[in-house]
Amino acid sequence: MPYLPAETRPRKGSERKLMAGFFGWFAPSTLPTPNHAHGPRMPVQSAPYLEGRHLLKGFGQGDTRTVAVNEVALQLYRNELTLLMGPSGSGKSTLLAMISGLLRPDQGQVLAMNQDLWNRSKVEMERFRLQHCSYIFQGCNLFPALTARQQLELVLRWGEGVSGREARRRATEMLEQLGLAKKAHLRPAQLSGGEKQRVAIARALVKKPDLMFCDEPTSALDWENGQQVIQLLHQAAHERSAMVLVVTHDARLLEYADRILHMEDGRMLTEEPRKSVAVAEEPEPQILQMPAPQGGPRRVALSGLMEGMTVGF
Ligand SMILES: Nc1ncnc2c1ncn2[C@@H]1O[C@H](COP(=O)(O)OP(=O)(O)OP(=O)(O)O)[C@@H](O)[C@H]1O
Ligand SMILES: [Mg+2]
């Protein structure tokens, strides 16, 4: 069948059934398809920004061994918001952890911005994560001793080396965007679950990352806040040219997705065809030319701690 944009391509019966299975409360005929309503249409870009090849990860031994991710390949692109969906236990979080540099695969390769991610030293890896990646996980993993604003300032000061004044300005602006201006001085214990999740999202977005990895980012949010976060993720992809990967069961995200990947039993099942997306100027990846963050290895070590804290598997 020739390529058709997702919204015009008739869905096959098997696909509709599959999606209806994931969203049991939807009748198949009412399932939304990814659309272009939230982004301009331009030529499809070529090279993947992040690519996984033959990825495999197992846990345990003998009878108790589980192959969480089994020979999975995937390609992810700048300017795209991609959803990764599938039943509980299908391997989504494990795959996300491997392609984002948090969990070493047993087999396979991850190419991130043209670099072999798992072939780097620990320090290079941590620098890569600090400079290019943001993570949003359900557990939030905020620093208990820091206020909402300080959580964001820390990322900016240590990650980008911006001045205290600039960090405060950007942190305040981002918290305002997420409706948290009045909570900026509160620590995690004083925030509700949804507020904590929004602070974690603000912390991920304030960094203006190239690669965003989100595991159920809207699960603790009500309709209005969830909608706002979805729009911000969409903006990160389409206005800031980020690659955004979101593991989710939230049907509201379908409307904003450029692509939808489905996993089951550790394998990638189906993939919506890529729709045309806007391609901003595509500068060459700068990873190897990047200077070390100010403060050298100590700062990198902190980044490892910070990102390590975000792993909620
Ligand atoms: N550290 C671990 N040790 C042992 N088994 C693990 C570990 N992490 C994941 N698994 C197993 O790997 C499989 C995939 O887990 P994963 O967390 O990737 O699923 P998921 O698709 O993210 O599920 P959910 O939607 O419930 O979050 C599961 O069977 C899980 O029990
Ligand atoms: Mg998971």
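Student: Which residues cover the two faces of β3, and are they buried or exposed?

Tutor: Happy to start there, keeping in mind that this is a predicted model. E80, T82 and L84 lie on one side of β3, L81, L83 and M85 on the other, and all of them are buried.

Student: What makes β3 a largely enclosed strand?

Tutor: A residue is called buried when 20 or more other C-beta atoms lie within 10 Å of its own. Six of the six residues of β3 (residues 80-85) are buried, so the rest of the structure largely encloses this strand.

Student: How do you know that β3 pairs with β8?

Tutor: Pairing calls for at least two bridges between the strands. β3 and β8 (residues 243-247) are joined by five and run parallel, so by that cut-off they pair. Within this pair, L84 stands opposite V247.

Student: What makes β3 and β9 a pair?

Tutor: Here there are four bridges, again in the parallel sense, with β9 covering residues 259-264. Across from M85 you will find H262 of β9.

Student: Why is Q115 called partly exposed?

Tutor: Partly exposed is the class between exposed, at 12 or fewer neighbours, and buried, at 20 or more. Q115 has 15 C-beta neighbours inside 10 Å, so it counts as partly exposed. This residue lies in β5 (residues 115-116).

Student: Why are β2 and β5 said to stand at the edges?

Tutor: The open sheet has four strands in the order β2-β1-β4-β5, with antiparallel pairing. β2 and β5 each have a single partner strand, so one side of each has no neighbour in the sheet. As for the helix on this sheet, α2 packs against it and touches β1 (50-59), β2 and β4, its direction making about 125 degrees with that of β1.

Student: What makes α2 a mostly covered helix?

Tutor: Eight of its eight residues are buried, namely K92, S93, T94, L95, L96, A97, M98 and I99. After α2 comes G101, with a positive phi near 85 degrees.

Student: What makes α3 mostly covered?

Tutor: The same test of 20 or more neighbours applies: eight of the 11 residues of α3 (residues 122-132) are buried. Among them are M125, F128 and L130.

Student: Which residues come nearest to ligand 1?

Tutor: F59, A68, S88, S93 and T94 come nearest, out of 13 residues around ligand 1. β2 (66-76) and α2 (92-99) are the elements that each give two or more residues to this shell. The largest share, three residues, comes from α2.

Student: How do the residues of the shell around ligand 1 divide into nonpolar, polar and charged?

Tutor: Three are nonpolar, nine are polar and one is charged.

Student: Where does the pLDDT stay under 50?

Tutor: One such stretch is residues 276-313, for which the model has 68 contacts beyond four places in sequence. For the chain as a whole, the average pLDDT is 77, and 71% of the residues score at least 70. Over residues 1-36 the pLDDT is also below 50, with 42 contacts beyond near neighbours in sequence.

Note on methods
Residues are numbered from 1 along each chain as its sequence is written. Chains are lettered from A and ligands numbered from 1 in the order in which they are written. This is a predicted model: local features need pLDDT of at least 70, side-chain atom pairs count only at pLDDT 80 or more; totals for chains, interfaces and linings use all residues. A residue is near a molecule or strand if its C-beta atom, placed from the backbone, lies within 6 Å of it. Ala, Val, Leu, Ile, Met, Phe, Trp, Tyr, Cys and Pro count as nonpolar, Asp, Glu, Lys and Arg as charged, and the others, Gly among them, as polar. Two residues are in contact if their C-beta atoms, placed from the backbone, lie within 7 Å. Axes are lines fitted to C-alpha atoms, for helices over the stretch in contact, and angles run from 0 to 180 degrees between N-to-C directions. pLDDT is the predictor's confidence in each residue, from 0 to 100.
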